[in-house]
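Morning, everyone. I have one structure to go through today, and I will keep it short. Please have a look at it before I start.

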Amino acid sequence: MKKIIKVSLCILILFSVQAKAKIKSSIIAKVGREIITEFDVENEIKINLILSKKEINQESINQIKGYAVNTIVKQLIKRNEFLKYNIKEYNSNELENYLKAYSKMVNTDKKGFKNILKINDIDYNYFIKKIEDEILWKKFIVLKYKDQVKINMVEIENELKKILETGIQNKEYKLSEIEIFYDNKQNKLDKILKSVELSLQKNGFADTAKKFSISSTAVNGGSLGGWISSSSLSGLYLNELNKIQKKQATRPIKIPDSDSVIILFIDDLKVNKTEIKDAAKIKEELIKRKKDSKLNLLSRSHLSRIENQTLFDFK
C-alpha cells in the first residue's frame with residue numbers, strides 16, 4: 001500500500017511539473033518570426049515590478065501585464081530588424097554598464113542583483129537577452145543612419161561662441177516623476193489622468209506617485225534622487241520643464257517609443273554659471289548631443305515604421 005501511494009505521489013509530481021512547464025511554454029503571440037510565451041510575460045512582469053520596488057501580487061501583476069506584453073512586442077520587433085542585417089556582436093563593456101545601472105536601481109551590486117532575480121524565479125538569461133537586444137538595436141541604428149546624421153557646424157560654432165561669451169548657465173534640478181502606462185488606449189489614459197489630477201490636488205505629488213506610477217521611483221514618491229543637470233535631459237523634457245517653476249508639475253509628456261506618459265515635478269532648482277576653460281571639449285559635447293538627439297529621432301521613426309509592417313498574431 002505504501003509503495004502504491006509512493007508511486008502515485010511520484011506520478012502526481014511528474015504531471016504537476018509537466019503541466020507547469022506546458023503553461024510556461026504556451027505561446028500567447030507571434031511577432032514576425034519570433035514568439036511570446038507565458039514564460040516571457042511572467043519574467044517581464046517580475047522584472048518590472050522588482051525594478052519598481054513593488055510587491056509582486058495579483059493586483060500589481062494585473063496593473064502591469066499590458067505594459068509587459070507591449071514591451072516584449074517592441075523588443076522582438078527590434079530583434080527581427082537588427083538580425084536581418086546580421087548584427088550580432090557588441091562590446092561586453094556595454095552589457096556591464098547596463099547591469100551596474102540596474103543593480104544600482106535596487107541598491108545592490110551585480111552579484112546581489114543576480115541573486116534577486118534567482119530568488120524571484122526570474123530567468124537570468126532572459127534578462128541578459130533583453131539588454132543585448134537594446135545594445136544591438138542602438139548599434140543597428142548608428143550603422144544604418146550614420147551617413148544621415150549631419151551636423152550643422154555653423155550652428156555649433158554660433159552656440160559655442162555664445163557660451164564662450166556668457167559662460168555656461170547650467171540649470172540643475174531635483175525632480176520627481178509619475179509614469180503612467182495606457183496601452184495605447186486614449187480613453188484609458190484620459191480616465192487615469194483625471195484620477196491623477198484629483199489625487200495631486202488632494203494628496204500631493206509624492207503620494208500620487210506611490211499610487212499611480214509604474215516607474216521604479218514610485219516607492220520613493222517619484223523622486224529621481226540627487227541633482228540632475230539640464231545638459232543630461234532630453235530636449236523633450238527640458239522644453240516642458242522650462243515652462244514651469246519650482247514646486248510645479250509639467251503637463252503629461254508622451255514618452256517616445258512607448259505607450260506611457262510622464263509627469264515631472266520640480267522639487268528644487270538652481271542655476272550655475274561655469275567659466276569656460278576648454279572650448280574644444282565643449283564643442284565635442286555640443287556635437288555629441290546633436291548626434292545623439294538625431295539618432296534618437298531616427299530610432300523612434302524607424303521603429304514606428306517597422307511596427308506598421310510587422311505581422312502580429314495574438315492567441
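Of the 315 residues in the protein chain, 39% are buried. Keep in mind that this is a predicted model. The chain has eleven helices and seven strands. Its accessible surface is about 19300 Å², and carbon and sulfur atoms hold 52% of that. Now take the contacts with a separation of 6 or more: 73% of them are between residues 24 or more positions apart.

Next, some of the strands. Strand S1 covers residues 27–31 and strand S2 covers residues 34–37; the two run antiparallel, joined by four bridges. They form a hairpin with two residues between the strands, and Gly32 there has a positive phi near 60°. S1 also pairs with strand S7, residues 312–314, again antiparallel, over three bridges.

Which residues does Ala29 face in these pairings? In S2, the residue opposite Ala29 is Ile36. In S7, the bridge partner of Ala29 is Phe314.

Ser213 sits between helix H9, residues 205–212, and strand S4, residues 228–229. Is Ser213 buried or exposed? Its relative accessibility is 0%, and buried means under 20%, so Ser213 counts as buried.

What is around Ser213? Beyond its neighbours within four places in sequence, Ser213 is in contact with Lys54, Glu177, Ile178, Glu179, Thr208 and Ala218. For Glu179 there is a distance to quote: its backbone nitrogen lies 3.0 Å from a polar atom of the Ser213 side chain.

That is the end of my part.

How values were computed
Residues numbered from 1 in each chain as written. Predicted model: local features only at pLDDT ≥ 70, side-chain atom pairs only at ≥ 80, totals over all residues. Heavy atoms only, no water. Buried < 20%, exposed > 50% of the residue type's maximum accessible area, 1.4 Å probe, protein only. Polar contact = N/O pair within 3.5 Å; in protein donor to acceptor, adjacent residues only side chain to side chain. Contact = heavy atoms within 4.5 Å. Pairing = 2+ DSSP bridges. Areas by Shrake-Rupley, 256 points an atom, 1.4 Å probe, with all protein chains shown as cover.
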